[in-house]
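I opened a new notebook page for this structure.

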Amino acid sequence: MSMQRVADTGTSPLKNRIPPPDPNKYRSVRDARDWQNPYLIVQANGIRPISPAKDTPTMSPPDVVSYLEKLPSIAWPYGLVVAVQENGVRASPDDARIKRNREELLRLLEEAGVKVSFWPSA
């Protein structure tokens with residue numbers, strides 16, 4: 001799992017109400033099932049938030065940011081950080097679409113001030 005610190009640009013509702021990430025709270029998490037903050041799977045057809053509370057549909061990268069902004073503060077126990085993983089089960093033609101979705105997602109998360117914790121593909 002590698003970490004990327006995203007730039008602190010602009011303001012967003014998330015940054016106004018969610019504290020900065022606290023790596024001490026999630027550094028020891030090794031299994032996605034134990035991750036308590038938002039978890040995003042990058043797919044060829046969009047981004048799929050994984051939520052224990054409900055089945056969430058796949059959405060476009062811009063819609064993901066709107067989705068995250070609507071989550072309650074309790075959904076962010078580690079602070080303003082999300083896990084991001086690429087879909088590991090895919091066909092070769094999907095690679096370019098997954099790369100585009102990932103790049104757009106990371107840009108939008110950076111603009112929103114959200115730190116990203118990268119997880120390996122399953």
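**Core and packing**

I looked up the largest nonpolar core, and it has 26 residues. Those with the most contacts inside it are Leu40, Leu68, Trp76, Val82, Val84, Leu105 and Leu109. Such a core is a set of buried Ala, Val, Leu, Ile, Met, Phe, Trp, Tyr and Cys residues joined through side-chain atoms within 4.5 Å. Buried means under 20% relative accessible area, with a 1.4 Å probe and protein chains only.

I noted the source: this is a predicted model, where local features need pLDDT of at least 70 and side-chain atom pairs count only at pLDDT 80 or more, while totals for chains, interfaces and linings use all residues. Numbering runs from 1 along each chain as its sequence is written, and side-chain values use heavy atoms, leaving out hydrogens and water.

Next I checked Leu68. Not counting residues up to four places away in sequence, Leu68 touches Leu14, Arg17, Pro38, Trp76, Val82 and Leu109 (contact: heavy atoms within 4.5 Å). Another core, of nine residues, lies apart from the largest one. Trp35, Tyr39, Val81 and Trp119 are among its members.

Then I turned to two helices (DSSP runs of H or I, at least four residues, numbered from the N terminus). In α3, Pro61, Pro62, Val64, Val65 and Leu68 meet Asn101, Glu104, Leu105, Leu108, Leu109 and Ala112 in α4. By class, this contact has nine nonpolar, one polar and one charged residues.

Last, I checked confidence. The protein chain averages a pLDDT of 87 (the predictor's confidence in each residue, from 0 to 100), and 88% of the residues score at least 70.

Definitions and conventions. Buried means under 20% relative accessible area, exposed over 50%, partly exposed in between (1.4 Å probe, protein chains only). Ala, Val, Leu, Ile, Met, Phe, Trp, Tyr, Cys and Pro count as nonpolar, Asp, Glu, Lys and Arg as charged, and the others, Gly among them, as polar.
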